[in-house]
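Look at the structure first, then read on.

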Amino acid sequence: MSDPLPRLLRRKGERVTPSAGPPLTGPAVVSPAADATARARWRALALTDPIARLVRNAAHAGIDDELFDLRQLALAAVDLVVGSMGFAREATLEEVSDTLTGLAARMAPEHAGQARDVAAVVLKGLLNETHEHRRFTYWFADLSGERARSEPYSFRLLALRDAEYGPVLVASDQAITLFLHGLDVDLEDADRALAHVLQRQLDDRRFDAAVRTAAQAERSSVGISATLAELLDATRRDVGTHDWLVDVPDRLAAARRHVEERIGEDDRFLEHVQSGLDAETSPDVRAASGRIVDLLARVRSVHLDLERRLVGAREVFLSAQVRQRLARRRRLRMLALGDDLLLPVLAAPRADATVVTSAFADRALGVSVPRLVHFDDLVDQLWAPPRQREAAEPEVEDVGAADPDAEEDVQRYPAPVVAAAREVLDTARDEPARVSALLDACEGSDEADQVAELVLLTALWAFAPDAADGESTDERTDAGALASGLVAEDDGRVLDHRLARGRDLVLRASVRTAAEDEAEDMDAEELTA
Amino acid sequence: MTAVAADLTEVRAAAELVAFGLRRRSRPVEGSEYRALLDRYRSELRFRDVVDTMAEGLGLEVLGTPRSGIVLAPEPSGPFATRLGDLRTMDAEEKLVFGLILLGIAAYAYPQDVDFDDPETKLVDVVKIDEFLRSAIDTLRVQEGEGPAGGHDGERARAAAEAYADLPQLITTQTGRRARGCTLRAIEDALGWLSDQGAAKEAPTLGPDVHHLTDRFRLLVGDSAGGAALDALRELRAAQDGAAR
């Protein structure tokens, strides 16, 4: 996770920036917990401003900020002053100035002549010389009410007192608190940063966010654990990979401090959330708290695990040293990709450059899981006998089959017409009916003419089936299909209808004999054979 | 690794983790099997050894386990290797240009070795990569103008830079897109391949040509490709020095 500190500061910055528009209608709550501590954090921020100011002013005095570390000198001044406080004899201005001069001279030996000026600038800055040694004053914009209200905050860092042996320096409470204690934090400690964020979210009762933060805290702890594991692992493989004389012991000590602190914190957090859990009634909050408790418990176990590893770390080193195994591999990262690789390759002849770029590209592209055919597979496939065609042709027509309306054959009658005609004709199956009666029965339907036409065609079909087509094709035409099972007889009566003129046929259901059925079955068998 | 018999269930779990690493789309989201295996790899030394050993046998190397998942690098001769030539049929010239582009993308994103330790995602832009490569070529020309003129062996000895510089920056198709044969299109293609390989990711919110480079690419370049290319370069130089003597 990136250092959350700037973000927090930024958030705070937004909070105190006076708005240019109309007066605020209400408090712009960033987060309840943020607002609660905004003033205190603002003050801590303001306390460091005199140092920033003295660094800026030093430039006017011709002092190069890059040669002399003025911030460190300012801290040293506070340290010196605080170190002498409470003893019988406090540090005088000269003593502090002398010590600072010595430190400054060490920072830039070639500019030692300037060192005394530098010390003077630092002390003057801390004493607020530019404002006649008055207190430093900063204005805090209080946004908690309806309107923003400015509120002064005044403080000193160092002050001069008159003592029996001349003027002595004392540090203010603010200077002591911030510069000795407040700034003594490991800002790069991601775990701690997450803990702060988590604390803030719990205070704000943003439990969902807190769950995520707790999960992140777990990851971060696992990460630390993994780094240590990697270190120990590397040591097991090759003692020479890490500097066990200086670097590793320092890192282990830092890790031990961290773990020690975190284990205490974990317990505190767990207790905090658990107590909230007991008092809370909202089921959502209870669920979120439960998840946080689980996560924190895991974080805690990671920390405990880390502690165990730390305790055994030295032992790993010693035993690895005894075994002195060879490293399986050692990763050497090159220095600068641009200068060491790109430029030489660009300057190289093409053939050489291709060798290098291929070596690079073939690895930079990462893994590929082979999915395409290998040469062997390809040869096998080419030698294989040609595949039998299983389907005659791709059935293009079938694509539309799912949507009959869209693909209706224009040569056929629409389905509603066929259905209506069938309904009319069915009456003839029950008892013989004249075509004129059937045509009259058609009149009521929506597409009367079409239905009548189909009924008429059916009657003609029943009277004289198209012998050439054979029965199987009969089924495909609407009239043929409708006419199956019907016969038409001509008894000489004349039909005079608006759509047709001729003989008024009588339609009735055909009476099939068992012999006929048998003959037809045999025909069918012959056809399939 | 000491001679300890690995538990078969452990071997299976290790194989699963390697399989997750081979699948480019899988992500170790919270609560997933992948995530559990990844955490196990990070925290359990024994399991880590089993995974590393198994990967080694498959012609893979575990480069690291960033949050996005386990990063595997292929042995160039192994079954999982990706070669530039596999991605498209290309002639020697094209191959060189694409190689230079990939190197350029890496050099643009990670100029110093510390950048390989920085987990911040780098953003690259098609046009910026082209500008970066062309300015590197210009720098080179200035340097060569001062130094002894190299390359008197005809076409073969012409500097690789020329292969890139010869290409136009942009040719457009009738529909207004970038056509093949220009460097911007080649960079677009290269970034597309990297995206397919899970080494980059398009960032359409930041612009049509912008890509994130993933941790996978960072580790692949820092711990595998960069070293391999540098070795190749050193070998060539050693051979040239030998020939000169």
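Which elements do the buried residues of α13(A) pack against? They pack against α12 (337–347) of chain A, together with α4 (84–87), α5, α7 (160–166), α8 and α9 of chain B. Contact means heavy atoms within 4.5 Å.

This is a predicted model: local features need pLDDT of at least 70, side-chain atom pairs count only at pLDDT 80 or more, and totals for chains, interfaces and linings use all residues. Residues are numbered from 1 along each chain as its sequence is written, chains are lettered from A and ligands numbered from 1 in the order in which they are written, and side-chain values use heavy atoms, without hydrogens and water.

**Helix α13 of chain A**
- Helices are DSSP runs (H or I, at least four residues), numbered from the N terminus.
- In α13(A), 12 of its 15 residues are buried (under 20% relative accessible area, 1.4 Å probe, protein chains only).
- Among them are A:Arg350, A:Phe360 and A:Asp362.
- A:Gly366 follows the helix, with a positive phi near 80°.

**Aromatic pairs**
- Rings of Phe, Tyr and Trp (its six-membered ring) pair if their centres lie within 6.5 Å; planes under 30 degrees apart are stacked, over 60 edge-to-face, and the rest tilted.
- The count is 10 aromatic pairs over all chains.
- B:Phe98 and B:Trp193 form a tilted pair, 4.7 Å centre to centre, with 50° between the planes.
- B:Phe98 lies in helix α5 and B:Trp193 in helix α8 of chain B, so the pair ties together parts 95 residues apart in sequence.
- Both B:Phe98 and B:Trp193 are buried.
- Ring pairs join A:Trp42, A:Phe136, A:Tyr138, A:Phe140, A:Tyr153 and A:Phe155 into a cluster.

Notes
Helices (H or I, at least four residues) and strands (E, at least two) are DSSP runs, numbered from the N terminus. Buried means under 20% relative accessible area, exposed over 50%, partly exposed in between (1.4 Å probe, protein chains only).
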